[in-house]
Amino acid sequence: MSWVVAAFASAFFAGITSILAKCGIKQTDSDIATAIRTCVVLVFAWAMAGISRSIGTIGSIEPRSWLFLVLSGLATGASWICYFKALSIGDVNKVVPVDKMSTVLAALVAPDLLLADGKLNISGDNLFLIATFPTLLICWYKKGSLFGALAVGMGTVALIRYWMT
């Protein structure tokens with residue numbers, strides 16, 4: 001499978017995750033919903049590791065990698081708890097665009113904090129497109145004005161371009 005196919009599959013599954021989660025938490029506490037989802041992901045992840053026969057490589061993981069994997073797991077847990085809380089009290093059409101801003105935040109933070117070798121090459125134009133779309137959706141839903149949404153989106157792009165230069 002190529003990275004492009006995997007990326008599109010990831011986007012598809014992330015999209016339906018939001019819809020399924022919103023349906024699943026209608027009459028369920030968001031923390032319990034997160035715990036149930038986490039158990040399913042845990043079983044699925046270990047099943048995939050077993051099917052791909054990669055479980056045997058666990059002993060060769062470096063301590064530094066363990067540290068970052070554990071920190072990533074903690075961040076994922078915090079993200080899921082906050083995401084499910086937002087879905088339980090908010091409209092999925094408003095929560096999802098805000099959640100997708102995580103891509104922009106990761107792209108802005110990663111070069112300075114996470115990359116010792118400096119090999120990440122972020123395309124500024126792609127970053128701006130990623131930042132603009134959720135901003136447009138949020139403003140459009142909040143204000144009901146496409147013109148206002150476009151103005152805020154263009155302002156956001158200009159601001160991010162300023163920060164990146």
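Visitor: In which crossing, left-handed or right-handed, does α1 pass α3?

Guide: α1 passes α3 in a right-handed crossing; a crossing is right-handed if the near helix is turned clockwise from the far one by less than a right angle, and left-handed if anticlockwise. This is a predicted model, in which local features need pLDDT of at least 70, side-chain atom pairs count only at pLDDT 80 or more, and totals for chains, interfaces and linings use all residues. Residues are numbered from 1 along each chain, and side-chain values use heavy atoms, without hydrogens and water.

Visitor: Why is α1 called oblique to α3?

Guide: Helix α1 (residues 3-24) and helix α3 (residues 63-89) pack at about 60°, their axes 9 Å apart. That angle makes α1 oblique to α3, since angles under 35 degrees count as roughly parallel, over 145 as roughly antiparallel, 65 to 115 as roughly perpendicular and the rest as oblique.

Visitor: What makes α2 and α3 oblique to each other?

Guide: The axes of helix α2 (residues 30-51) and α3 cross at roughly 130° and come within 9 Å; α2 and α3 are therefore oblique to each other. α2, too, passes α3 in a right-handed crossing.

Visitor: Which residues of α2 and α3 meet?

Guide: In α2, S30, D31, A33, T34, R37, T38 and V41 meet W80, I81, Y83, F84, K85 and S88 of α3, where contact means heavy atoms within 4.5 Å.

Visitor: Which residues line the second largest pocket?

Guide: The lining consists of I58, I61, W66, L69, V70, S72, G73 and T76; lining residues have an atom within 4 Å of a point of the pocket, an open set on a 1 Å grid, for a 1.4 Å probe, with protein on both sides within 12 Å along at least five of seven lines.

Definitions and conventions: Axes fitted to C-alpha atoms, helices over the stretch in contact; angles between N-to-C directions. Helix = DSSP H or I, 4+ residues; strand = E, 2+ residues; numbered from the N terminus.
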